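Please read the sequence and the coordinates side by side while following the paragraphs below, which go from helices to ring pairs and then to single residues.

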Amino acid sequence: MAAATATPTKKQSWWPLLWGLAALLLLPLGPPLNEVFPIDQTLLLLVPAVAACAMVGWKLGARAALAIVWLVFAVWILLQPAGSPGTPYDQMARGWAILLAASFGLISLWNAAFPFFVRALAAVGLATGVGFLIALSSPSGIARFQHSAESEFTRRASASLERIEAGRDTPEWKELAAKLPWLDAMQDENETVIRALPEYAASLLPALLALESLAALALAWGISQRLSLVKIGPPLSPLTEFRFNDQLVWGVAVGATLCLLPTFADGRNAGYNLLAFFGVLYLLRGLGVLAWITKGRYLVLAILSLIPPFGVMLGVLALALGLGDTWLDLRRRAQAS
C-alpha cells in the first residue's frame with residue numbers, strides 16, 4: 001500500500017469548496033432540481049463520505065479524534081429519516097449512503113496511490129454492483145426500487161406545485177400578473193415541466209444517483225484534504241486539468257448502441273442511463289477544455305451558461321470538445337510543445 005501524502009506544499013483555498021458545498025446543499029431544496037436529485041438531503045451522502053476519508057486518514061497515521069468526530073456525526077445523520085420515515089425510499093437512501101462511503105473507504109485503503117477520480121468511479125461502480133445484487137434478491141426486484149423512487153419524486157413535485165399554486169393565489173401575484181401576463185404563462189410552463197419530471201427522473205435514477213454521488217465524494221475529499229494533516233491522496237486538480245481515462249468513451253458507445261439499435265430495445269433504458277452518466281462526465285471534460293482555453297475565466301462561462309440560447313450552445317460545444325478531447329487531447333499537446 002502506498003504511504004499517505006505529507007503536508008501539502010501549497011495551502012488550498014476554501015472558496016471553491018464552499019461554493020461547491022453551497023451548490024450541493026441548496027440546489028436540491030427547490031424546483032425543478034428538487035425533482036431531479038435522487039437524494040435531496042445531500043448531507044446524507046456527504047457526511048458518511050467525509051467520515052470514510054477520516055477513517056482512512058486515521059489508518060494512515062492521522063489523529064483518531066477527527067475520525068471519531070466525523071464517525072459520530074455520520075451515525076447521527078444516518079439515523080435521521082430521508083424523506084417520509086419508514087418508506088422504501090427512506091431505506092434506499094440511507095442504504096446507498098452506507099454502501100457508497102464503505103466502498104470509497106475500502107478502495108482508498110486498498111491503494112492510496114489512486115487519484116481521486118479513479119477511487120470515486122470505482123466506489124460508485126462497486127456500490128452500484130452491490131446495490132444491483134440486493135435489488136435482484138429482494139421481492140419485485142429492480143421494479144420495486146424504481147417505483148419507490150418515482151413515488152418520492154412525485155411527492156416532491158406535488159409539494160412544489162402546491163407551493164406555486166399558493167403563491168399564485170396571493171393578491172400580490174395577481175396584481176403583478178395583471179401587469180405582466182407573460183408571468184402566468186411562464187408559471188404554467190414551469191408547472192408542466194415539474195409534472196413531467198418524476199417519470200423521467202425515476203427512469204434515469206442510476207445515472208442521476210451516480211452523478212450526485214461523485215459530486216458528494218469530491219466535496220468530501222476536499223473537506224478531508226483541508227482538515228487533516230495526513231493526506232490520503234493528491235488534492236483535486238482544477239477544472240482546467242480535468243480529464244480521465246480515454247477508454248471511458250466506450251460507455252458512450254455502448255449507451256448509444258443500446259438506444260439506437262432495435263435489437264437492443266429491451267436495454268434502451270440502460271442505454272439512456274449510460275448516455276446520461278458518461279455524457280455529463282464528457283460535458284465536464286469539455287468545460288475543462290473551455291476553461292483552459294479562456295485561461296481559467298470561470299465567471300465568463302458561468303454568465304454565458306445563464307443565458308438560455310448561449311447556455312444550450314455552450315453545453316453542446318462543451319460536450320463536443322469533451323468527446324473530441326479523447327483523440328485530440330489539446331491540453332497535453334500544448335504542454336508538450
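**Helices, rings and buried residues**

Helix α11 is followed by Lys295, a residue whose phi is positive, near 60°. The model in which this is seen is a predicted one, and its chain averages a pLDDT of 90, with 97% of the residues scoring at least 70. An exception is found over residues 1–9, where pLDDT stays under 50 and for which the model has 19 contacts beyond four places in sequence. Where pLDDT is low, the predicted coordinates should not be read in detail.

Helix α11 itself has 26 residues and reaches 36 Å from its first C-alpha to its last, close to the 38 Å expected at 1.5 Å a residue. Trp292 belongs to this helix, and with a relative accessible area of 33% it counts as partly exposed. Leaving aside residues up to four places away in sequence, Trp292 touches Thr240, Leu330, Arg331 and Ala334. Trp292 and Pro238 are 54 residues apart in sequence, while their C-alpha atoms are 9.8 Å apart in space.

The same kind of check can be made on helix α13, which covers residues 308–328: its 21 residues should span 30 Å at 1.5 Å a residue, and the C-alpha atoms at its ends are 29 Å apart, which agrees. Which residues of α13 are buried? They are Leu314, Ala318, Gly322, Asp325 and Thr326, and what covers them includes α10 (249–260), α11 (268–293), α12 (298–306) and α14 (330–336). Just after α13, Asp329 takes a positive phi of about 45°.

The aromatic side chains come next. A pair of aromatic rings is described by the distance of the centres and the angle of the planes. A search of the whole structure finds eleven aromatic pairs. Trp70 counts as buried because its relative accessibility is 16%, under the 20% cut-off, whereas Phe73, at 32%, counts as partly exposed.

Phe104 and Trp221 form an aromatic pair that is edge-to-face, with 6.0 Å from centre to centre and 80° between the planes. Phe104 lies in helix α4 (residues 88–110) and Trp221 in helix α9 (residues 205–227), so this pair ties together parts that are 117 residues apart in sequence. Both Phe104 and Trp221 are buried.

Ring pairs also link Phe117, Phe242, Phe244 and Tyr282 into a cluster.

How many disulfides does the structure hold? The structure holds zero disulfides. A disulfide is a covalent bond between the sulfur atoms of two cysteines. Cys53 is buried, with a relative accessible area of 2%, and Cys259 is buried as well, with a relative accessible area of 11%.

Two further residues complete the tour. Ser148 has its place in helix α6 (residues 141–168), and at 8% relative accessibility it counts as buried. Not counting residues up to four places away in sequence, Ser148 touches Pro88, Tyr89 and Met92. The C-alpha atoms of Lys231 and Val316, which are 85 residues apart along the chain, are separated by 37 Å.

Technical notes:
Residues are numbered from 1 along each chain as its sequence is written. Side-chain values use heavy atoms; hydrogens and water are left out. Helices (H or I, at least four residues) and strands (E, at least two) are DSSP runs, numbered from the N terminus. The expected span of a helix is 1.5 Å times one less than its number of residues. Buried means under 20% relative accessible area, exposed over 50%, partly exposed in between (1.4 Å probe, protein chains only). Contact means heavy atoms within 4.5 Å. Rings of Phe, Tyr and Trp (its six-membered ring) pair if their centres lie within 6.5 Å; planes under 30 degrees apart count as stacked, over 60 as edge-to-face and the rest as tilted. A disulfide is a pair of cysteine sulfur atoms within 2.5 Å. pLDDT is the predictor's confidence in each residue, from 0 to 100.
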